[in-house]
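Subject: Structure for you to look through

Hello,

Please find the structure below, with the sequence alongside.

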Amino acid sequence: MIPAAPPPPQRRDLLRQWAGTPLTALVSAVSAALAIWAIWIVLDWAVLSASPPQRPMHACAETAGACWRFYVEKSRFMLFGTYPYQDHWRPGLASMLLLALSGVVGLRITGRLDRITPRVLVALWIATIPAAFLLMGGGWAGLDRVDMSRWNGLPVLLILSVIAIALAFPLGVTLAVLRHQDRWPVLRRAAVVYIETMRGVPMVTVLFVGVFVLPLTLPPGTRISPVMATLVALILFHASYFAEDVRGGLQSLPEAQTEAAKALGLTWSQTMGLVLLPQALSRSLPALVNSVIGAYKDTSLVVVLGIHDLTSTARMAFSEPGWGQYALEAYAFVGIWFLLSCAFLSWIGRELHKGQSARSH
Amino acid sequence: MTTFKSLVTATASSLVLGAAPALAGPVMDDIKAKDSLICLVSPTAPGFSVPDSQGVFQGFNADFCRMAAAAILGDASKADIRGVGFSDSMKTIVAGEAHMGSRSITRTGTRDADEGLAFVATTFFDGQGFMVPRSLGVASAAELDGASVCAEDGSTTLLNIADWFGAKGMSYRVENIADKTARLEAFFSGKCDVYASDVTALSADRQLSDTPGDFVILPEVISNEPLTLVARPDQAFEAALFWSFQVMLNADSLGISSANIDEIMSQLDQKTPAVQRMFGADSATTDMAAKLGLPADWAYQVVKQVGSYGEVFDRHLGADTPFGLVRATTPNAHAADGGLMYPFPIR
């Protein structure tokens, strides 16, 4: 028998939730007032007292609100920094590739785009990462070579977040497996030491080690650019956090899973690859998404190493003499970018949460 | 350091041989082979080097990169100007991945003694000073006993303050704020009484306040900061840089600028011998060009494409810019006006 559907929630419930008791009524009124006030300030700044983009720059001096002309003049600079102007399509294309691929992965995790198998996704990553570097670096097929000191803005942010996370993930899974298994005690200990050390050190320290110590370990005569050194440091750092997320998933699996796999005659690697890891990964997804959001936002710390990501190019945009009063516009640009990208990531987190609670019911 | 030593030996051997028509050293050859001159500047130094909306570095320091490219390659736009942090830029030059640096590096004894770097020509004489709110009513730094000072942690600024206050037997308190924007904000909002930095930086930073008129820069300058061009050691390259700079200084004293150079060239035979020696077809500069391996009209190209020293100063830092520096009141005034910019004879 199909159970009767519960009645739809009544509007009065909503009213009761918002203003059932004097206290909730007060809280609701205050928060509504605050929200209206905040929206009014933003609206006033961005629209009502703003200077529209078609008006010239000098008109901005008299307006209290946003100077939209600033974005016309400086958007490309904030996105791509000192990359040669006529070649901006290259970092643009590289950024779009990385963004599109991240979007596809995000949608796939939430259960959409089912036709794209994990195998295809891995192949896409393997193709996209070198493609991004080749596009940015040039030196082939008539593309001018562009030094890494000119890689600024959005593409650097994406390389240091998306590529670092993409490469840290397999390393993290490997570390988690090594820490979880007991066939090779030496490797297990090594994984424990590595993970605990990395997690015990602040990210800024790891970055400084990457940029100032890593080059010393290379054979003499070779040099590694700060962007590459930072990328390596970030991969090694994020991997330890991913490893702990995945280990949480592995430990949550009942022992019976391993025993059942053994009883079926599966080898150790088959047990791990076919039985344990798939379940562990799907269980650790919410924690992984959480780590990814943290890792993504931490990327802006690379400013301390003299790498110019989006936050840094925004600062440079208003450092040009005569542009100093447009700091708010520049930071708003960066803020909107991070708001949108982090909103996407947390949307994935919420979708996963929904999926999980649906499954556990 | 092996690269540096081989550089020196190569330079030395080319000197010893001397038979070659040009003195061109390995750095000079590298610049010509690449047809591009890699020059490092500070990524964000308003007025000195900061990228414009197209991402091209503009400013006082960036123009000396263009000066070198105009002199050596005949085209100022062949300067590959890259924004790199301070310690990285030193390493990059020593490792041979850049040809020169124009980034407000103070020439000090120990830095000059390091191998792999050659200081060439001082383009800007700066010094450390103090800025205070007008409301404080202080007219001299000697009245700052017990003040709280906002300064950058770990910089020579703090060392200079310690020296200066120590010598006067005055006490002070440092507010360490690493981030420049935050530090300035703290000063403007009154969290510290004094803001210390190089005098030029002070006048630039003052512009970032909503009310620049509320702050005064005190007359005392407590340190000497000769900001100097650095090059990878190569005698021909260093000479080319040094004398290009001298051409800009000489042009300044002769009243020649990028605006009037073409007019002067068209009636060169009516000009003074000093002008003819700089720009004539068979002159001191063409003689130098042959020996250093420069284009014959290098002096003209420097003035035409970059300008005289005074022109470059006024374009980026002068009275019509937000910095509003009056060159005659700084140590960068012409020697004839009591400044330190002394043009060497080109002959």
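Which residue stands opposite Gly101(B) in β12(B)? It is Val230(B).

Before the rest, some ground rules. This is a predicted model, in which local features need pLDDT of at least 70 and side-chain atom pairs count only at pLDDT 80 or more, while totals for chains, interfaces and linings use all residues. Residues are numbered from 1 along each chain as its sequence is written, and chains are lettered from A and ligands numbered from 1 in the order in which they are written.

Chain A

Chain A has 13 helices and 0 strands. Both kinds of element are DSSP runs numbered from the N terminus: helices are H or I with at least four residues, strands are E with at least two. The C-alpha trace of chain A spans about 80 × 75 × 40 Å along its principal axes. Of its 361 residues, 30% are buried, where buried means that 20 or more other C-beta atoms lie within 10 Å of the residue's own (12 or fewer is exposed, in between is partly exposed; C-beta atoms are placed from the backbone). Among contacts in chain A with a separation of 6 or more, 64% join residues 24 or more positions apart. A contact here means two C-beta atoms, placed from the backbone, within 7 Å.

Chain B

Chain B is divided into domain 1 (2-126 + 226-337) and domain 2 (128-223); such bounds come from an automatic or database domain assignment. The centres of the two domains, taken over C-alpha atoms, are 33 Å apart. At their contact, 7 residues of domain 1 of chain B meet 6 residues of domain 2 of chain B.

One open sheet in chain B has 5 strands in the order β4-β1-β5-β12-β6, with mixed pairing. Two strands pair if DSSP finds at least two bridges between them. The edge strands, β4 (79-83) and β6 (118-126) of chain B, each pair on one side only. Within this sheet, β5 (residues 100-106) and β12 (residues 225-231) of chain B are antiparallel and share 4 bridges; the pair in my opening question belongs to these strands. Helix α3 (residues 60-73) of chain B lies across β1 (37-41), β4, β5, β6 and β12 of chain B, at about 170° to β1(B). For such angles, axes are lines fitted to C-alpha atoms, for helices over the stretch in contact, and values run from 0 to 180 degrees between N-to-C directions.

Another open sheet of 5 strands, also mixed in pairing, has the order β9-β8-β10-β7-β11 (chain B). Its edge strands are β9 (172-176) and β11 (215-217) of chain B, and the twist averages 30° from one strand to the next. Strands β7 (residues 128-133) and β10 (residues 194-198) of chain B run antiparallel, joined by 4 bridges. Phe130(B) has Ala196(B) in β10(B) as its bridge partner. Helix α6 (residues 156-168) of chain B packs on this sheet, touching β7, β8 (147-151), β9 and β10 of chain B.

Where the chains meet

The contact takes 22 residues from chain A and 21 residues from chain B. On the chain A side, α3(A) gives the most, with 4 residues. By class, that side has 7 nonpolar, 8 polar and 7 charged residues. Ala, Val, Leu, Ile, Met, Phe, Trp, Tyr, Cys and Pro count as nonpolar, Asp, Glu, Lys and Arg as charged, and the others, Gly among them, as polar.

Regards
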